[in-house]
Amino acid sequence: MSITTKIHIEHERLALVPTLQNLEDIAIRVITQGNTDPGSTVFPFLIEYRDRDRLEEMLDADPTVQSYELVDWTDQTGIYYIEHTPETKLISSVVTDVNGFLVHTETKGTGWLVRLLLPDREALNTIWEYANENDISLDIIEIYGNTDTGGESSYGLTDEQRIALTTAYENGYFGEPRDISLNEVADEIGLSSTAMSGRLRRGMRNLIAATIIDREE
């Protein structure tokens with residue numbers, strides 16, 4: 001079953017992050033297009049900022065920008081085609097590799113808020129692994145199964161995180177006092193205690209973010 005997920009990613013070498021870090025009150029989003037070339041490094045962006053000269057000064061200095069071309073500038077809003085440097089970290093290639101689509105991509109804080117349409121949870125796991133391998137911070141905010149009834153919330157959890165949390169809960173790890181140690185929970189699903197600890201921590205973080213924390217914050 002296909003899924004729709006919203007994630008937030010951060011890394012100092014993600015596209016245009018150096019510009020985000022240096023300009024206040026700037027808003028950037030990727031303009032949806034038909035290009036599905038996984039090797040593409042050129043994308044159209046809509047950038048809202050009050051000072052075009054200052055913006056382009058930062059684009060000139062941004063180490064993730066190889067070159068840029070202004071298409072239109074109206075009312076403090078510009079449309080640019082931007083080519084990224086080889087050192088820029090992009091998730092678009094791995095999303096295309098798993099037959100997914102970037103439905104909506106916009107800046108949030110010093111990172112990117114991305115809504116993805118993916119063929120299944122395994123595709124999301126592949127993207128998660130790619131982020132880990134490239135030191136990209138990735139937070140899963142929402143996951144919805146695309147069913148005829150409108151979708152079922154998975155509370156921001158990957159399959160692995162759900163299994164880890166369920167196994168820990170059912171075996172009394174969250175009891176007071178605990179009925180089972182971390183090592184014993186890890187043995188239940190064939191993980192090291194370090195891997196299990198990380199999976200539980202990330203799972204609880206995503207669960208809290210999806211259920212308690214205001215999703216707009």
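These legends accompany several close-up views of one predicted protein model.

**Figure 1. The whole protein at a glance.**
Let's start with the overall picture before zooming in. The predicted model has seven helices and eight strands. The protein is built from 217 residues, and 40% of them count as buried. Its accessible surface comes to about 11800 Å², with 45% of that belonging to carbon and sulfur atoms. Take the contacts between residues at least 6 apart in sequence: 62% of these join residues at least 24 apart.

Helix α2 covers residues 52-61, and its buried residues are Leu55, Glu56, Met58 and Leu59. Why do these residues lie on the same side of α2? The reason is that they cover an arc of only 155 degrees around the axis. What do the buried residues of α2 pack against? Their partners are the helix α1 (17-22) and the strands β3 (42-48), β4 (65-74) and β5 (77-84).

**Figure 2. Asp51 caps the start of helix α2.**
Look now at the N-terminal end of α2, which is capped by Asp51. A side-chain oxygen of Asp51 lies 3.1 Å from the backbone nitrogen of Asp53.

How many aromatic pairs does a search of the whole structure find? The search finds three, and one of them is formed by Phe45 and Trp112. Their ring centres are 6.2 Å apart and there are 50 degrees between the planes, a tilted arrangement. The pair links distant parts of the chain, with Phe45 in strand β3 and Trp112 in strand β7 (residues 111-118), 67 residues apart.

Tyr173 is buried, with a relative accessible area of 10%, whereas Phe174 counts as partly exposed at 39%. Which residue places its charged end over the ring of Tyr173? That residue is Arg178, whose charged end sits 4.0 Å from the ring centre.

**Figure 3. Arg13 is in contact with residues from other parts of the sequence.**
Arg13 belongs to the loop between β1 (3-10) and α1. With a relative accessibility of 32%, Arg13 counts as partly exposed. Setting aside its neighbours within four places in sequence, Arg13 is in contact with Pro18, Pro63, Thr64, Glu87, Thr88 and Lys89.

**Figure 4. Thr167 is a buried residue of helix α5.**
Helix α5 covers residues 159-170, and Thr167 is part of it. At 13% relative accessibility, Thr167 counts as buried, because the limit for buried is under 20%. Not counting residues up to four places away in sequence, Thr167 touches Val185, Glu188 and Ile189.

The peptide bond from Glu176 to Pro177 is cis, with omega near 5 degrees. Pro177 sits in the loop between α5 and α6 (182-188). In the loop between β4 and β5 you can find Asp75. Asp75 is not a glycine, yet its phi is positive, at about 50 degrees. Asp75 is exposed, with a relative accessible area of 70%. Asn99, in the loop between α3 (92-97) and β6 (101-108), also has a positive phi, of about 65 degrees, although it is not a glycine. At 60% relative accessibility, Asn99 counts as exposed.

Terms used. Residues numbered from 1 in each chain as written. Predicted model: local features only at pLDDT ≥ 70, side-chain atom pairs only at ≥ 80, totals over all residues. Heavy atoms only, no water. Buried < 20%, exposed > 50% of the residue type's maximum accessible area, 1.4 Å probe, protein only. Helix = DSSP H or I, 4+ residues; strand = E, 2+ residues; numbered from the N terminus. Arc of directions from axis to C-beta. Contact = heavy atoms within 4.5 Å. Polar contact = N/O pair within 3.5 Å; in protein donor to acceptor, adjacent residues only side chain to side chain. Phe/Tyr/Trp six-rings, centres within 6.5 Å; stacked < 30°, edge-to-face > 60°. Lys NZ or Arg CZ within 6 Å of the ring centre and 35° of its normal. Areas by Shrake-Rupley, 256 points an atom, 1.4 Å probe, with all protein chains shown as cover.
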